[in-house]
Amino acid sequence: MDTGLDFTTIQTILESNAEKVEKLIESYISKKEQLISLLQDVQAEFNYIPQDVIIRISQRLEIPLSQVFSVATFFQAFSLKPRGRHTITVCLGTACHIKGGQRLVDKLGRDYDLKPGETTEDMRFSLETANCLGCCALGPVVVIDGKYESKVTPDKLDKILKKYE
Ligand code: FES
């Protein structure tokens with residue numbers, strides 16, 4: 001979902017979508033075993049899984065809260081924090097690190113005030129790091145919304161990110 005919105009606006013949307021959330025949860029009442037699908041639907045709707053929705057799922061489906069949380073935190077595809085419209089993954093595996101991966105992370109920190117695990121205030125970018133993305137010869141590797149960029153330098157990163165503004 002392309003929100004393009006700040007945290008306050010997202011909260012407002014969440015509140016105004018309470019009925020939608022209820023309907024979604026309701027549709028899973030008789031299929032508790034499909035908790036992962038329900039969480040996928042919630043993630044698709046909000047681009048993350050809000051904590052109050054997790055609590056509501058637990059209450060309505062009568063699944064222990066600890067169980068819902070453990071599923072929501074187990075899979076990397078799920079996020080419990082609001083995510084930006086674009087996810088940047090910088091590889092910091094050994095090969096990419098040697099070739100300058102950390103310089104890219106540092107640049108994002110300097111230019112966008114963006115640290116690993118965080119999202120820019122304007123909700124444009126979220127930053128993640130990885131230990132190896134399986135194409136070490138092309139390092140340093142950066143993946144943006146699933147698109148691989150190879151041999152990325154700080155200058156090249158600038159140009160790439162402009163496309164996502
Ligand atoms: S170390 Fe970066 S792709 Fe392998």
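Below is a short chat about a sheet and some helices in a predicted model.

Biologist: What kind of model is this, and how are residues numbered?
Modeller: The model is predicted, so local features need pLDDT of at least 70, side-chain atom pairs count only at pLDDT 80 or more, and totals for chains, interfaces and linings use all residues. Residues are numbered from 1 along each chain as its sequence is written, and side-chain values use heavy atoms, leaving out hydrogens and water.

Biologist: What order do the strands of the open sheet have?
Modeller: The order of the 4 strands is β2-β1-β3-β4, with mixed pairing. Strands (E, at least two residues) and helices (H or I, at least four) are DSSP runs numbered from the N terminus, and two strands pair if DSSP finds at least two bridges between them.

Biologist: Which strands stand at the edges?
Modeller: β2 (125-130) and β4 (147-149) do; each has a single partner strand, so one side of each lacks a neighbour in the sheet.

Biologist: How many bridges join β1 to β3?
Modeller: There are 3, between residues 86-91 and residues 142-144, and the two strands run antiparallel. Threonine 89 is opposite valine 143 in β3.

Biologist: New topic. At what angle do α2 and α4 cross?
Modeller: Roughly 40°, with the axes of α2 (residues 18-26) and α4 (residues 51-61) coming within 10 Å. Axes are lines fitted to C-alpha atoms, for helices over the stretch in contact (heavy atoms within 4.5 Å), and angles run from 0 to 180 degrees between N-to-C directions.

Biologist: Which residues make the contact?
Modeller: Val21, Glu22, Ile25 and Glu26 of α2 meet Val53, Arg56, Ile57, Arg60 and Leu61 of α4.
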